[in-house]
Amino acid sequence: MARDAGLEELLKEEIGQRPGLSEKTMFGGWAVLLNGNLLCGAREDGMLIRLGKGNDAWALEQPDIKPMLHGSREMQGWVRAGPEAYGNDMLRKRLLLAALNFVEGLPPK
């Protein structure tokens, strides 16, 4: 899986500078961590967003958003947003805000 540099830049701009942010290569792409907890990622097949178990139903109702798969297993609380979804400024911001709200509540690693 290849990285998507354009999506990475879009996410960096959207998230901005926050204490506790770090970046690393994961899941065949680029990932953002907040206080050591995975927040979101970018790769060739879309934007990965961590909403938390039970917090993703609203997102899955949106166009071009699907559950994140790890092999054939669905990752509860994670979604993959395709270009139609992450290209929608309002939806992308809503997804990132929801991810930040969830991950900020997790204990640091």
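Me: Is Asp45 buried, partly exposed or exposed, and why?

Reply: This is a predicted model. Asp45 counts as partly exposed because its relative accessible area is 24%, and buried would require a value under 20%.

Me: Where is Asp45 found?

Reply: Asp45 sits in the loop that links strand 3 (37-43) with strand 4 (46-50).

Me: Which side chain does the side chain of Asp45 join in a polar contact?

Reply: That of Arg43, at 2.6 Å.

Me: And how many residues separate Asp45 and Arg80 in sequence?

Reply: They are 35 residues apart in sequence, whereas their C-alpha atoms are 8.2 Å apart in space.

Me: Now the helices. At what angle do helix 1 and helix 4 pack?

Reply: Helix 1 (residues 5-15) packs against helix 4 (residues 89-104) at about 65°, and the axes are 11 Å apart. Their crossing is right-handed.

Me: Which residues meet there?

Reply: Helix 1 contributes Leu10, Leu11, Glu14 and Ile15, which meet Arg92, Lys93 and Leu96 of helix 4. Sorted by class, this contact of helix 1 with helix 4 comprises four nonpolar and three charged residues, with no polar ones.

Me: What does UniProt place at residues 19-100?

Reply: The UniProt record, an unreviewed entry, gives the feature "domain: TfoX N-terminal" for residues 19-100.

Me: How much of that span is helix, and how much is strand?

Reply: Residues 19-100 are 24% helix and 48% strand, and the end C-alpha atoms of the span lie 12 Å apart.

Methods. Residues are numbered from 1 along each chain as its sequence is written. This is a predicted model: local features need pLDDT of at least 70, side-chain atom pairs count only at pLDDT 80 or more; totals for chains, interfaces and linings use all residues. Side-chain values use heavy atoms; hydrogens and water are left out. Axes are lines fitted to C-alpha atoms, for helices over the stretch in contact, and angles run from 0 to 180 degrees between N-to-C directions. Helices (H or I, at least four residues) and strands (E, at least two) are DSSP runs, numbered from the N terminus. A crossing is left-handed if the near helix is turned anticlockwise from the far one by less than a right angle, and right-handed if clockwise. Contact means heavy atoms within 4.5 Å. Ala, Val, Leu, Ile, Met, Phe, Trp, Tyr, Cys and Pro count as nonpolar, Asp, Glu, Lys and Arg as charged, and the others, Gly among them, as polar. Buried means under 20% relative accessible area, exposed over 50%, partly exposed in between (1.4 Å probe, protein chains only). A polar contact is a pair of N or O atoms within 3.5 Å; within protein, one must be able to donate a hydrogen and the other to accept it, and residues adjacent in sequence count only if both atoms are side-chain atoms. UniProt positions are given in the numbering used here, feature names are shortened, and annotations may be inferred rather than shown by experiment.
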